[in-house]
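Subject: Structure for your files

Hello,

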Amino acid sequence: MDHRPQAWGRPRDDVYGAYDGSYLQSGGPKTATQSPVVTGTSVVAIKYKDGVVIAADNLASYGSLARFTDVKRLRVFLGTSVVGFGGDVSDMQWLDRHLNELAIDESYDDEPSPSSLLSASPNKGHGKLNAANLHVYLQKLMYRRRNDFDPLWNQLLIAGLDAAGKPHLSSVDLRGTAFTSPSLATGFGAALAQPIMRRHAPTEEAAAALTREEAVGVVQECMKVLYYRDARSLDRYSIAVVTKEGVELKEDEQLERQSWAFAERIKGYGTQTV
Amino acid sequence: MFRNNYDNDSVTFSPQGRIFQVEYAAEAVKQGSVVVGIASKTHAVLVAIKRNAEELSSYQKKLFPIDEHTGIAIAGLTSDARVLSNFMKQQCLGHRLSYGRNMPVRSLVDQIGSKAQINTQHYGKRPYGVGLLVAGVDEQGPHLFEFQPSGMTEEMQAFAIGARSQMARTYLEKNLSEFASCGREELVRHGLKALKESLVQDRELTVENTSVGIVGVGKAKDGSTKVEPFKVYDGQDVNAWIDSVADDKEAATAEGETMEVDDE
Amino acid sequence: MTSIGTGYDLANSIFSPDGRNFQVEYAVKAVENGGTSIGIRCKDGVVLAVEKVITSKLLKQGANKRIATVDRHLGVVYSGMIPDGRHFIDRARDEARSWRDTFKNPIPTADLASRMGGYMQAYTLYQSVRPFGITAIVGGWDSELESGVDGEVGRGPSVGAGGKTPGKKYGGPFLYMIEPSGLYWGYYGAATGKGRQAAKAELEKLDLSADGESSLTLEEAVKEAARIIYVAHDDNKDKDFELEMSWISGADGPTKGFHQEVPKALREEAERLAKKSLEDEDEEEEKKEDDKMEE
């Protein structure tokens with residue numbers, strides 16, 4: 001008999017065999033998200049003279065299943081910036097709540113300042129985190145999470161204004177890679193929409209020459225091409241125009257003047273025999 | 001018996017609802033040499049009198065840069081000030097890293113306020129024995145804050161703390177209406193004049209004992225606004241300012257064509 | 001005072017033989033020295049107001065706010081030791097945030113009051129801490145709308161989140177006052193600080209019932225709040241003060257459910273009316289005095 005205290009109350013090893021503690025150990029290394037689950041596809045955005053136009057469709061896919069068709073993937077921050085989310089939708093929701101808390105923090109010291117000197121105009125949200133600040137913040141956040149081997153499975157576009165009141169458009173992905181450009185697109189859009197937008201705004205100067213109507217037109221064109229070619233896309237979409245007056249967000253737009261004539265000429269898919 | 005039973009720690013209220021330990025800590029601020037701060041629409045300046053322990057020792061610094069856009073002036077226990085200053089530097093650096101901008105001065109000051117308040121509510125801690133003037137510029141423009149050992153922080157147009165600072169405050173109150181529209185140099189001169197009010201008889205401002213710190217809103221080449229970083233001026237760098245506030249009235253009356261007179 | 005010299009008042013959390021914690025009572029004294037704060041709950045919102053006594057001419061005008069936003073729909077004002085109030089607000093913000101983290105919804109005003117009451121009470125339990133030297137007034141508007149959860153991306157079920165009885169009213173304006181002991185009650189009108197007696201007397205004259213034709217509207221409450229602060233300041237006339245006011249309305253009111261500073265124009269109008277009402281009263285008093293003299 002084993003009378004040592006650590007054996008008290010235990011089945012006897014000589015009768016039942018040694019205690020099998022293996023279930024207490026997890027099998028293999030620590031794991032975190034290995035792949036996204038419910039996903040949103042492309043986000044496209046382009047700068048113009050007075051601001052940024054950004055759009056994303058309203059679909060959240062579960063694999064190839066068009067699972068949710070009313071998902072709003074453009075999120076407004078402080079009424080002055082817009083974040084567009086591609087990738088995992090639940091991570092997007094986490095980020096949305098996180099940014100909501102950040103926005104509440106910002107609203108604590110709401111001191112409208114009559115004598116503002118460091119910014120060109122007393123625009124909305126003055127003295128608060130602008131899109132450029134938000135970009136830096138999200139880049140640090142995403143990079144930290146990837147270093148924890150627990151990435152937020154998204155690619156984000158941040159649209160708004162910088163400290164000087166100039167249009168700001170930037171991107172961060174799940175690795176923390178961050179950059180800015182006159183036009184940006186995530187996911188499939190990086191291949192399909194980006195070339196179209198670059199035709200209109202190859203440089204910052206060219207983007208600064210675009211009018212609002214032109215920019216909206218280009219983005220709508222991109223959304224249409226994406227709907228034609230991207231099997232994980234939808235013809236209902238959200239579009240936002242961000243200027244120093246604030247954010248104009250429309251969340252239930254319909255792609256217009258679609259023409260599927262080209263589809264007839266596509267051969268070699270599925271059960272097609274001809 | 002005891003003189004006062006209620007003043008042994010910072011967790012005991014007196015019957016009048018006062019906390020003597022905090023009030024005593026505020027006395028430590030008055031032991032420090034005087035510092036003055038003024039904010040205008042474009043600049044915030046700090047000026048200070050430095051003291052040396054003895055003839056041959058160096059002078060204790062009074063002004064410290066915190067970040068590009070912020071600096072502090074201290075009165076009281078220098079070692080306590082260093083704790084707060086290190087903390088403020090870290091906060092500013094952290095904010096710059098996370099958001100890519102200058103930390104708003106108000107939130108920086110609120111942080112040290114919260115930190116100091118904790119020390120007034122827990123046994124075994126003591127209040128900080130130092131007062132600060134915090135000068136900084138953020139997107140709202142220039143700011144001047146006063147920090148007290150109680151954790152009280154208030155935004156001021158102009159203020160003075162430290163030994164005999166009441167005289168300086170009286171000067172500031174008298175000239176308050178002028179400060180908002182003052183330029184950089186004018187603001188420094190007002191600061192130095194306030195400082196002189198607080199000097200004991202037959203002491204004067206010298207290049208050894210005077211410090212000036214300036215932060216402001218400057219113009220970039222393309223006409224846009226940008227921060228003029230907080231900079232501390234000591235030694236010969238403050239000579240011209242000291243000269244410009246040399247007892248001009250006396251100089252003017254005492255047959256003084258020789259001395260340069262500063263007209264306001 | 002019966003407490004002094006007994007030895008029972010030298011440390012927090014000590015009961016005296018008649019069951020009192022003197023240190024908490026002394027903390028109340030700190031509150032009674034502070035500038036007056038009030039809160040008014042009326043049918044369509046909440047108003048908070050505070051008398052900020054100007055301790056120095058060198059203070060920057062209008063820069064030092066005393067009413068704080070805790071969450072979008074919640075405001076706090078307090079009288080007493082200002083750094084303690086800052087601590088209280090930091091904690092209230094942490095509570096509001098942790099509530100959102102857990103429930104994905106804004107914290108109801110009653111729950112915030114409860115949590116902060118518990119927090120204040122904890123500071124009366126130990127010799128290693130002292131009670132808060134503040135009395136805080138918490139005002140909030142709990143949303144009356146069918147609101148989704150934080151981070152919701154779609155429309156959600158068309159019938160709403162459920163759990164609500166049809167025809168019953170949800171949400172609305174709430175007002176609580178928390179004392180250094182941790183004690184808190186809900187109020188129609190609350191006042192604390194130096195001028196609380198005068199302020200309470202004025203508050204009691206108002207019709208603050210939740211419904212009814214003659215009950216106070218939010219805009220009237222703003223004007224009353226300004227007047228009451230001016231009345232409460234009357235005994236303290238030699239010192240200048242700044243009036244700070246905030247308000248919270250429902251989704252269809254002027255602040256759309258948010259806690260905000262009262263717009264400058266409205267505040268100035270309220271102050272003008274407050275001053276006028278005081279002058280009128282003075283005149284009447286003088287008249288009465290004169291009448292008496294004549295007799």
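In what follows, Ala, Val, Leu, Ile, Met, Phe, Trp, Tyr, Cys and Pro count as nonpolar, Asp, Glu, Lys and Arg as charged, and the others, Gly among them, as polar. Please keep in mind that this is a predicted model.

Two or more lining residues come from each of helix H2 (89–108) of chain A, helix H2 (82–103) of chain C and strand S5 (134–142) of chain C.

Interface of chains B and C

Here 36 residues of chain B are in contact with 33 residues of chain C. Between them the two chains bury about 2,700 Å², with 56% of that area given by carbon and sulfur atoms. On the chain B side, Phe13(B), Pro15(B) and Gln121(B) lose the most area to chain C, together 25% of what that side buries.

Three salt bridges are found across this interface. In a salt bridge of 3.5 Å (N to O), the side chain of Arg86(C) meets that of Asp110(B). There are also 13 residue pairs in polar contact between chain B and chain C. H3(B) gives the most to the side of chain B that touches chain C, with five residues. That side divides into 14 nonpolar, 16 polar and six charged residues.

Regards

How values were computed. Residues numbered from 1 in each chain as written. Chains lettered and ligands numbered in written order. Predicted model: local features only at pLDDT ≥ 70, side-chain atom pairs only at ≥ 80, totals over all residues. Heavy atoms only, no water. Helix = DSSP H or I, 4+ residues; strand = E, 2+ residues; numbered from the N terminus. Contact = heavy atoms within 4.5 Å. Buried area = accessible area lost by both parts, 1.4 Å probe. Salt bridge = Lys/Arg side-chain N within 4 Å of Asp/Glu carboxyl O. Polar contact = N/O pair within 3.5 Å; in protein donor to acceptor, adjacent residues only side chain to side chain.
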